[in-house]
Amino acid sequence: GLEHPCGAASKGSAMPGQRVDGAAGQIHGLRVWLTRLDVLVALTLLVTVFMKVTVFYYSTVLGLAQLLRLRSYRPLIVPIGLIVMAISANLYPSDMEQVYAARYIWPFNAALFEIVLPLITLISIGLRSLFKNTGGENE
Amino acid sequence: MIVFLFAAFAALTMLEAPGLIKKKQWRELTAYSVLMLLAIVISVFYLKHIPIPNPVKNTQYYVKDMFEYLFGFSYD
């Protein structure tokens, strides 16, 4: 049969198919309900990470296409995806190394790309709009 | 495994390259070929267990050294 979601602790009191009356039955139902909530956490993680990776993928492909002055970014989708898959497969040997790097290495490493470079871009855009001659004879 | 890899890459190229040739987009075709070759090389290296330069492993050392140099203590 199926394994009980609450584990071995509640096996003596009530089996999954068995009906339990009274307060004990309510607590038992609550425990089963709470145990099955981790599907929601997994689903949320899946959806949000999918959105994040989609945005990164699109910006990578579009940026490379604009950098190479291509007419369309479509030919780059498949090769970039294959390169990402091949590199991500041997980026971390184990799961714990990924957790360690995300905790201790990545914040300092990402400060360059997520704080310094966007700030420089923002300041340069502000300076360009400051010195741009809007509505002049050059346009 | 290598045979399946090359078969997959050949199928993808046969799906995409004729359209680019027909539309005479030589610049796109060049970019596609170069990136596809890079993907093939990295995939073969991964299948043959040949170590390729790992950005995570290399940045760990300079991040740790930089932290120790800037703040005077190591967090590890």
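How do the residues of the lining of the largest pocket divide into nonpolar, polar and charged? I found 21 nonpolar, nine polar and three charged, with Ala, Val, Leu, Ile, Met, Phe, Trp, Tyr, Cys and Pro counted as nonpolar, Asp, Glu, Lys and Arg as charged, and the others, Gly among them, as polar.

**Basis.** I worked on a predicted model, in which local features need pLDDT of at least 70 and side-chain atom pairs count only at pLDDT 80 or more, while totals for chains, interfaces and linings use all residues. Residues are numbered from 1 along each chain as its sequence is written, chains are lettered from A and ligands numbered from 1 in the order in which they are written, and side-chain values use heavy atoms, with hydrogens and water left out.

**Confidence.** For chain A I noted an average pLDDT (the predictor's confidence in each residue, from 0 to 100) of 82, with 80% of the residues at 70 or above.

**Pocket.** I looked up the lining of the largest pocket and counted 33 residues, with A:Phe56, A:Val84, A:Ser88, A:Leu91 and A:Trp106 nearest its centre. A pocket is an open set of points on a 1 Å grid over the protein atoms alone, where a 1.4 Å probe fits, with protein on both sides within 12 Å along at least five of seven lines; lining residues have an atom within 4 Å of a point.

**Interface.** I recorded 27 residues from chain A and 30 residues from chain B in the contact (heavy atoms within 4.5 Å). One salt bridge was counted between the chains, where a side-chain nitrogen of Lys or Arg lies within 4 Å of a carboxyl oxygen of Asp or Glu. I traced a salt bridge to the side chains of A:Arg71 and B:Glu28, at 3.9 Å from N to O.
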